[in-house]
Amino acid sequence: GINAEYGDSTQVDVYKGVAQSAIEEVLQGYNCTVFAYGQTGTGKTYTMEGDRSVGSNIPWERDPKIGLIPRCMSHMFDRLNSQASDFSVRVSMLELYNEELFDLLSTSDNSTTKLRLFEDSTRKVTGSRGIGSVVIQGLEEVQVMNKDEVYQVMERAMQKRRTAETLLNKQSSRSHVVFTVTVHIKSVSQDDIGECEEEVFKMGKFNLVDLAGSENIGRSGAQNTRAREAGNINQSLLTLGRVITALVDRAPHVPYRESKLTRLLQDSLGGRTQTSIIATVSPAACNLEETLSTLDY
């Protein structure tokens with residue numbers, strides 16, 4: 001069912017309703033994921049990344065237009081800096097286009113280098129019935145020390161994405177973008193009389209996923225190459241839906257391996273995890289079919 005509806009709402013409202021509680025879970029060592037799903041042009045990227053107010057001199061973290069990713073990172077650093085714990089924060093940002101992976105944070109000048117995905121059987125996913133953890137060979141994980149560095153990293157990724165779009169002759173609506181933050185925290189637990197007992201290590205992961213446009217091939221006007229794009233998008237979105245359904249129903253088999261999107265997110269979809277989906281819809285009557293399809297999903 002639908003937990004909340006955001007019509008005449010602000011970016012802050014969506015953040016507080018969907019993602020704020022997930023930050024606390026991540027800092028406790030859980031893996032959390034937030035997806036933005038819907039038809040192209042309904043606000044998925046704006047919800048996730050946001051925008052900057054034109055002509056405004058206010059700092060980015062106080063800009064009412066910024067999206068979930070910068071808000072989550074700002075909140076996370078505020079919480080981490082308020083604790084007497086050692087921590088490290090690493091972020092990655094990748095694009096999945098036509099079932100191929102591209103690193104948006106790579107320092108390489110080549111914006112179209114493809115990444116390889118393979119399973120590390122030595123690292124098992126908690127609660128996933130023996131499935132190994134997925135490793136993305138060559139993926140750049142950037143250590144960030146504060147919230148300003150996060151914003152700089154995001155701007156770099158967006159610039160690289162624009163460059164890759166030109167080289168590959170593609171549009172942003174035709175690809176999935178996955179922003180992942182991994183947090184390691186070391187703290188010292190104390191007993192009842194305040195004596196130090198032992199060091200406690202926690203690792204949490206937060207994925208914020210801007211999914212490709214969900215419109216069907218006929219409505220998207222796709223032909224030839226574009227039709228192949230749409231087919232791959234439909235495959236990954238259908239597989240994501242089937243994986244979530246299988247997990248909810250506690251099915252004996254979860255089809256993670258049927259798309260790269262679900263493979264790379266498999267350690268954040270089952271077990272000690274929290275998952276939310278933001279469905280973005282159009283108010284236009286001509287998009288009623290797509291709106292109903294989004295809500296059905």
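Predicted model: local features only at pLDDT ≥ 70, side-chain atom pairs only at ≥ 80, totals over all residues.
Let me begin with a term: a residue is called buried under 20% relative accessible area, exposed over 50%, and partly exposed in between, with a 1.4 Å probe and protein chains only. By that rule Arg250 is exposed, because its relative accessible area is 73%.

Residues are numbered from 1 along each chain as its sequence is written, and side-chain values use heavy atoms, with hydrogens and water left out.

First, the overall chain. It has eight helices and nine strands; these are DSSP runs numbered from the N terminus, helices being H or I of at least four residues and strands E of at least two. Of the 297 residues, 48% are buried. Taking contacts (heavy atoms within 4.5 Å) between residues at least 6 apart in sequence, 65% join residues at least 24 apart.

I return now to Arg250. Arg250 sits in the loop between α6 and α7, and its phi is near 55°, a positive value in a residue other than glycine. As background, most residues other than glycine have a negative phi. Asn98 also has a positive phi, near 55°. Asn98 belongs to the loop between β2 and β3, the latter spanning 100-103. Is Asn98 buried or exposed? Asn98 is buried, because its relative accessible area is 11%.

In general, rolling a probe the size of a water molecule over the atoms shows where empty space is left. Here, on a 1 Å grid over the protein atoms alone, a cavity is a set of points where a 1.4 Å probe fits but cannot get out; a pocket is an open set with protein on both sides within 12 Å along at least five of seven lines; and lining residues have an atom within 4 Å of a point. Grid points are joined across faces, edges and corners, and a volume is the space filled by probe spheres set on the points.

How many cavities of 30 Å³ or more does the structure hold? It holds one. The largest cavity has a volume of about 40 Å³, and its lining consists of Leu96, Tyr97, Asn98, Glu99, Arg174, His176, Asn232, Ile233 and Ser236. Two elements, β2 (86-97) and α6, each give two or more residues to this lining, and α6 supplies the largest share, three residues. By class, the lining has three nonpolar, four polar and two charged residues. For these classes, Ala, Val, Leu, Ile, Met, Phe, Trp, Tyr, Cys and Pro count as nonpolar, Asp, Glu, Lys and Arg as charged, and the others, Gly among them, as polar.

Ser259 is found in the loop between α6 (225-248) and α7 (260-264), and it is buried, with a relative accessible area of 2%. Leaving aside residues up to four places away in sequence, Ser259 touches Glu99, Ser236 and Thr239. Its side chain also makes a polar contact with the side chain of Thr262, at 3.0 Å. A polar contact is a pair of N or O atoms within 3.5 Å; within protein, one must be able to donate a hydrogen and the other to accept it, and residues adjacent in sequence count only if both atoms are side-chain atoms.

Let us turn to the largest pocket. It contains about 1,400 Å³ of space. Of its 40 lining residues, the closest to its centre are Ala4, Ser276, Ile277, Ile278 and Ala279. The largest share of the lining, seven residues, comes from β9. The lining divides into 17 nonpolar, 19 polar and four charged residues.

Finally, the aromatic rings. A search of the whole structure finds one aromatic pair. The rings of Phe77 and Phe87 have centres 6.4 Å apart and planes at 65°, so the pair is edge-to-face. Rings of Phe, Tyr and Trp (its six-membered ring) pair if their centres lie within 6.5 Å, and planes under 30 degrees apart count as stacked, over 60 as edge-to-face and the rest as tilted. Phe77 is buried, at 1% relative accessible area, whereas Phe87 is partly exposed, at 28%.
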